[in-house]
Amino acid sequence: MITLYEKLDNKNINSEVIEKAAGILQKGGLVAFPTETVYGLGANGLDSEACRKIYEAKGRPSDNPLILHIGDISQLETIVSDVPKAAEKIINAFWPGPVTIIFNKKDIVPDSVSGGLNTVAVRFPSDEIAKRLIVSSGLPIAAPSANTSGKPSPTKAEHVLHDMDGRIDMIIDGGSCGFGLESTIIDVTGDKPALLRPGAVTKEMLEAVVGDIDVDSAVYKQLSKDEKPKAPGMKYTHYSPEADVALVRGESNEKVIAKINSLVLSDKMAGFKTGVLCCGKNADKYAADIVLSAGDDIETVGARLFDILRRFDLLGAEKVYSEVFDEAGEGMAVMNRLKKAAGHKFIEA
Ligand code: TXA
Ligand code: MG
């Protein structure tokens with residue numbers, strides 16, 4: 001298959017490209033498109049066969065359900081059976097934007113989207129290209145992140161091209177994604193809202209709108225074999241570069257730097273190519289072969305994280321050490337992804 005590649009300017013969107021992409025979706029094809037979180041791999045969310053192609057292109061386990069994306073709030077009632085009060089409040093506060101809500105589904109939503117669950121995940125993205133594409137197609141668009149299953153989500157079109165060239169019909173290049181981490185997922189189908197995946201809309205921001213919320217334990221820790229996360233996708237290994245990744249934490253910045261440098265030194269002597277992921281202010285303190293700075297404020301770290309994990313692969317890093325970040329606010333989402341990238345491996349400084 002030849003993958004079409006089209007660039008779009010977010011501020012001056014070429015309608016012809018949008019119409020071409022919408023036509024592909026209507027005919028059951030796959031189109032990768034930018035959103036404010038990460039690039040999505042879109043298909044007609046009401047067409048089982050089109051959704052099956054998503055699983056094939058990504059190598060995604062079939063029990064991992066997809067998010068339906070809407071481009072207009074009126075699409076919501078066509079796919080969900082009820083909108084609880086808490087959902088209404090979250091919608092008013094954060095849609096369109098980087099939060100996905102789990103609802104009870106209507107029968108029209110196929111099992112290939114819901115993974116056989118009675119619920120469906122819905123997101124209304126704020127990205128202009130994403131909205132235009134969804135509205136033009138006239139469909140709810142099923143879209144997981146547009147990466148090969150297990151790899152970091154794509155935050156640039158070149159990441160999508162790397163993973164999906166020849167496997168999908170079209171890629172729309174709309175530049176870098178603003179947030180760079182996947183949407184926050186909140187389940188409102190139970191008695192109390194539950195956070196299933198942290199993102200740029202933080203626990204604190206949600207609690208300001210709906211009061212106390214539960215946090216699924218899969219957000220913090222690695223689950224044992226018989227524990228099940230509420231978001232099926234949270235159980236899979238994710239974001240893993242080819243390198244061995246470990247997170248180094250300690251009482252002070254100096255101790256962490258010293259520990260990482262001693263680990264790097266012994267790895268280098270053993271012949272390994274080493275990498276360090278650090279905050280901006282520490283970028284000149286490390287002796288590793290590859291030092292990648294994630295920036296100093298947590299929003300920048302979130303926006304750069306997946307690109308950095310992919311760059312370690314491109315540069316051939318074999319042993320990667322990462323500093324840890326404060327888990328307040330968006331830090332919860334950053335650390336959730338980093339812990340997964342490291343297989344929850346911590347080293348104490
Ligand atoms: O930011 C995002 O959410 C991106 C962009 C493209 O919108 N999409 C994304 O999709 O991250 P994906 O498929 O990579 O992650 C969706 C997550 C998975 O962990 C999946 O298990 C969970 O949502 N999920 C989907 N439907 C669910 C449901 N009915 N109940 C619980 N979790 C669900
Ligand atoms: Mg994903």
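His344 is partly exposed, with a relative accessible area of 24%. That value falls between the cut-offs, because buried means under 20% and exposed means over 50%. This is a predicted model. His344 sits in the loop between H11 and E16. Its phi is near 65 degrees, a positive value in a residue other than glycine.

Trp95 and Pro96 are joined by a cis peptide bond, with omega at about -5 degrees. Pro96 belongs to the loop between H4 and E5. For comparison, most residues other than glycine have a negative phi, and most peptide bonds are trans.

## The sheet of 11 strands

One sheet holds 11 strands. The sheet is open, and its pairing is mixed. Read across, the order is E1-E8-E2-E3-E7-E4-E6-E5-E9-E10-E11. Strand E1 (4-7) and strand E11 (214-215) are the edges, and each pairs on one side only.

How do E9 and E10 pair? Strand E9 covers residues 184-187 and strand E10 covers residues 194-197. They pair in the antiparallel sense, over 3 bridges. Ile185 stands opposite Arg197 in E10.

## The sheet of 5 strands

Another open sheet has 5 strands, in the order E14-E13-E15-E12-E16. Here the pairing is parallel. Strand E14 (290-293) and strand E16 (346-348) are at the edges. Each has a single partner strand, so one side of each is left without a neighbour in the sheet. On average, neighbouring strands of this sheet are turned by 25 degrees against each other, direction ignored.

Take strand E12 (residues 244-249) next. Strand E12 runs parallel to strand E15 (residues 319-323), and 5 bridges join them. Asp244 has Lys319 in E15 as its bridge partner. Ala246 has Tyr321 in E15 as its bridge partner. E12 also pairs with E16 in the parallel sense, over 3 bridges. There, Val248 stands opposite Ile347 in E16.

## Helices across the sheet

Which strands does helix H9 lie across? Helix H9 (residues 253-269) lies across E12, strand E13 (274-278), E15 and E16. H9 runs at about 180 degrees to E15. Helix H11 (residues 331-341) also lies across E12, E13, E15 and E16. H11 runs at about 130 degrees to E12.

Val334 lies in helix H11. Is Val334 buried or exposed? Val334 is buried: its relative accessible area is 0%, so it falls under the 20% cut-off. Leaving aside neighbours within four places in sequence, Val334 is in contact with Leu181, Ile298, Val301, Gly302, Leu305 and Phe325.

## Nonpolar cores

In soluble globular proteins, nonpolar side chains tend to be buried together. In this model, the largest nonpolar core has 56 residues. Leu41, Ile90, Trp95, Ile101, Phe103 and Val122 touch the most other members. A second, separate core has 27 residues, including Val38, Ile290, Ala294 and Ala317.

Val122, from the largest core, can be set against Val334 in helix H11. Val334 and Val122 are 212 residues apart in sequence. In space they are 22 Å apart, C-alpha to C-alpha.

## Rings and charges

How many aromatic pairs does a search of the whole structure find? The search finds 1 aromatic pair. The partners are Trp95 and Phe124, and the pair is edge-to-face. The ring centres are 6.3 Å apart, with 75 degrees between the planes. The pair counts as edge-to-face because its plane angle of 75 degrees is over 60.

This pair links distant parts of the chain. Trp95 is in the loop between helix H4 (85-94) and strand E5 (99-104). Phe124 is in the loop between strand E6 (119-123) and helix H6 (128-137). The two residues are 29 residues apart. Both Trp95 and Phe124 are buried. Trp95 is also the residue joined to Pro96 by the cis peptide bond.

Two charged residues lie over ring faces. Arg249 lies over the face of Phe346, at 3.9 Å from the ring centre. Lys319 lies over the face of Phe272, at 4.7 Å from the ring centre. Lys319 is also the bridge partner of Asp244.

How values were computed: Residues are numbered from 1 along each chain as its sequence is written. Chains are lettered from A and ligands numbered from 1 in the order in which they are written. This is a predicted model: local features need pLDDT of at least 70, side-chain atom pairs count only at pLDDT 80 or more; totals for chains, interfaces and linings use all residues. Side-chain values use heavy atoms; hydrogens and water are left out. Two strands pair if DSSP finds at least two bridges between them. Helices (H or I, at least four residues) and strands (E, at least two) are DSSP runs, numbered from the N terminus. Axes are lines fitted to C-alpha atoms, for helices over the stretch in contact, and angles run from 0 to 180 degrees between N-to-C directions. Contact means heavy atoms within 4.5 Å. A nonpolar core is a set of buried Ala, Val, Leu, Ile, Met, Phe, Trp, Tyr and Cys residues joined through side-chain atoms within 4.5 Å. Buried means under 20% relative accessible area, exposed over 50%, partly exposed in between (1.4 Å probe, protein chains only). Rings of Phe, Tyr and Trp (its six-membered ring) pair if their centres lie within 6.5 Å; planes under 30 degrees apart count as stacked, over 60 as edge-to-face and the rest as tilted. A charge sits over a ring if NZ of Lys or CZ of Arg is within 6 Å of the ring centre and within 35 degrees of the ring normal.
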